[in-house]
Amino acid sequence: MNIVINPPSLVKPVGYAHAIKTAGGTTIYLAGQVSFDGEGNLINKGDIISQFRQAIRNLEIATHEAGAKMTDIVKMTIFTTSKELYKKNLREIGEVYREFFGKYFPVMTLVEVKSLFEDDALLEIEGIAVIP
């Protein structure tokens, strides 16, 4: 069983958890996902919200194929080429997030990077899941 930990002595997290405790189980490492369709074409160029939705959808496909649920994800790292653009669209990104995760929030880190492997990708999301 994965247990979300948010110590009262730390700032109240919004949209993430401070820690998740796991015991035993199977660990699944999820490769970074971008806004690829099933043929490997980058779609939704220039639209960070749609790219976020497709990247999360791809993460969901990999997670389910590995026998896990989205709420088994304990750690996600989001790499973006524009922290400013990400923050500007935070409300809409949050709405998309809740379509896949509901009110479950794993440990998360957002990192702004100069570029990603795919030139038109605005973000890439990787994760770690633990099946209890």
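**Helix pair.** I looked up α1 and α3 and found them roughly parallel to each other (an angle under 35 degrees). Their axes, lines fitted to C-alpha atoms over the stretch in contact, come within 9 Å and cross at roughly 20 degrees, on a 0 to 180 degrees scale between N-to-C directions. I took α1 as residues 48-65 and α3 as residues 90-101; helices here are DSSP runs of H or I with at least four residues.

**Ground rules.** This is a predicted model, with local features needing pLDDT of at least 70, side-chain atom pairs pLDDT 80 or more, and totals for chains, interfaces and linings using all residues. Numbering runs from 1 along each chain as its sequence is written, and side-chain values use heavy atoms, without hydrogens and water.

**Contact.** I listed contacts as heavy atoms within 4.5 Å. From α1, Ile49, Phe52, Arg53, Ile56, Arg57 and Glu60 meet Glu92, Ile93, Val96, Tyr97, Glu99, Phe100 and Phe101 of α3.

**Core.** I then checked the largest nonpolar core, which has 30 residues. Such a core is a set of buried (under 20% relative accessible area, 1.4 Å probe, protein chains only) Ala, Val, Leu, Ile, Met, Phe, Trp, Tyr and Cys residues joined through side-chain atoms within 4.5 Å. Phe52, Ile56 and Ile125 are among those with the most contacts inside it. Helix α1 gives the largest share, six residues.

**Two residues.** Ile56 touches Met70, Met76, Phe100, Phe101 and Ile125, leaving out residues up to four places away in sequence. Thr63 is in α1. Thr63 is buried, at 1% relative accessible area.

Definitions and conventions
Helix = DSSP H or I, 4+ residues; strand = E, 2+ residues; numbered from the N terminus. Parallel < 35°, antiparallel > 145°, perpendicular 65-115°, else oblique. Buried < 20%, exposed > 50% of the residue type's maximum accessible area, 1.4 Å probe, protein only.
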